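Please look over the model shown below.

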Amino acid sequence: EAAEKGGFEHFMLKEIYEQPKALRDTMTSRLDAAAKTIGFPELNWTAEELREINKIFIVACGTAYHAGIVGKYYLEQLARVPVEVDIASEFRYRDPLVDGNSLTIVISQSGETSDTLAALREAKRLGSRTLAVTNVVGSSIAREADQVVYTYAGPEIAVASTKAYTTQLLAMLMLAIYVGRLRGSMSAEREQELVRGLTFVPEQIHKMLENVDQIKVFAREYGSSEDAFFLGRSLDYAVALEGALKLKEISYIHAEAYAAGELKHGTLALIVSGVPVIVLATQMDVYDKTVSNLQEVKAREAVVIAIGFEGDTSLEKYADHVIYIPRTDKYLAPLMAVLPLQLLAYYAALTRGCDVDKPRNLAKSVTVE
Ligand code: AGP
């Protein structure tokens, strides 16, 4: 097992460090770096068929569901198709309004999650077109969906999903760009801009992973907390959800993510002196509003760790600590903003002496209902 871990103490850490490669492998066959366009040679839907789709359902569990929430922002904003995101165990029993003009995208690392498979079957039964985004070639979900987009994260052993998540985000972004172009809702310039940005991401993540000392310090400092909160707006909110899940599942710290604008509607009551609040502030169109929420929690004496773009030193005025990520396009920010959250969870779990790769009560693949 030590050999399989390739010198890392845990599979989770190894898999966090494999993200640059996983992303590169997932983008390579779909990206024409010279022309700066995205293509999916494996998909055989015509532009006509894609234009007929009037609603997309994204269905998944856990981390894959969180990737689906990011996917909703991508598909709605870039491809201009209405999207609903469902937890698979809800979708399969809620009599969804799916029909022949719907596309149901199921996301699953393992391709074997029982609820996701059942949701896929339900979508098919209702006449929806189906697409699987999965990491395991030949898995049940891959075999049963009409079309498959593979993520090439390589085997993920740790129960806590990391590299599968970032490759799912990438797959959803590339799909949104592709569908957006075929449906005529995205300009060639915008596509080129995003593709150019994407080509830098693996190297940018690689660099981020070379310098994690600050995160180790925060994990030691706040690892004994019993609660933590994650706040963000827009795509930052979607990433916050994943950050909270990571922390919960491996460190057993009670963690919740909230859309920052929801604070006043109840959560603010829980913000007391010393409670760690991680605020993501990478989405510039809602930046001022996020900063004002940050100030609200700070006024209640929470310890605020902000995550923002390099050079955004104004965050230092409001937050106790700032973790910087490379400046990038708003749609690419989730790929990088989740990294400190994965590492924070990992090092907090270490500090607390938890079994990082095999957290209590959890299985890697949930093949029973
Ligand atoms: C994430 O860290 C999980 N352990 C879990 O939420 C997982 O993402 C979920 O069970 C879905 O699995 P799948 O992607 O294999 O379908």
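## A helix pair

How do the axes of helix α4 and helix α11 cross, and within what distance do they come? The axes of α4 (residues 62-79) and α11 (residues 235-251) come within 9 Å and cross at roughly 175°. That makes α4 roughly antiparallel to α11; angles over 145 degrees count as such. Axes are lines fitted to C-alpha atoms, for helices over the stretch in contact, and angles run from 0 to 180 degrees between N-to-C directions.

From α4, G62, T63, H66, I69, V70 and Y73 meet L235, A238, L241, E242 and L245 of α11. Contact requires C-beta atoms, placed from the backbone, within 7 Å. The contact residues split into 7 nonpolar, 3 polar and 1 charged. Ala, Val, Leu, Ile, Met, Phe, Trp, Tyr, Cys and Pro count as nonpolar, Asp, Glu, Lys and Arg as charged, and the others, Gly among them, as polar.

## Basis of the model

The model is predicted: local features need pLDDT of at least 70, side-chain atom pairs count only at pLDDT 80 or more, and totals for chains, interfaces and linings use all residues. Residues are numbered from 1 along each chain as its sequence is written. Helices (H or I, at least four residues) and strands (E, at least two) are DSSP runs, numbered from the N terminus.

## Ligand shell

The ligand is surrounded by 16 residues, and the closest are G62, T63, S108, S110 and T113. The cut-off is a C-beta atom, placed from the backbone, within 6 Å. Helix α4 gives the most to this shell, with 3 residues. The shell holds 6 nonpolar, 9 polar and 1 charged residues.

## The open sheet

An open sheet has 5 strands in the order β9-β8-β10-β11-β12, with parallel pairing. Pairing takes at least two DSSP bridges. Strands β9 (254-259) and β12 (321-325) stand at the edges with a single partner each, so one side of each lacks a neighbour in the sheet. The twist averages 20° from one strand to the next.

Strand β11 (residues 303-309) is joined to β12 by 5 bridges. I307 stands opposite I323 in β12. Helix α10 (residues 213-222) packs on the sheet, touching β10 (276-280), β11 and β12, at about 145° to β12. Helix α14 (residues 333-351) also touches β10, β11 and β12, at about 135° to β12.

## A buried strand

In β6 (residues 129-134), 6 of the 6 residues are buried, so the strand is largely enclosed by the rest of the structure. Buried means 20 or more other C-beta atoms within 10 Å of a residue's own, with C-beta atoms placed from the backbone. R129, L131 and V133 point one way, and T130, A132 and T134 the other.

Strand β5 (residues 102-108) runs parallel to β6, joined by 6 bridges. I105 has L131 as its bridge partner.

Notes: Two residues are in contact if their C-beta atoms, placed from the backbone, lie within 7 Å. Angles under 35 degrees count as roughly parallel, over 145 as roughly antiparallel, 65 to 115 as roughly perpendicular and the rest as oblique. A residue is buried if 20 or more other C-beta atoms lie within 10 Å of its own, exposed if 12 or fewer, and partly exposed in between; C-beta atoms are placed from the backbone.
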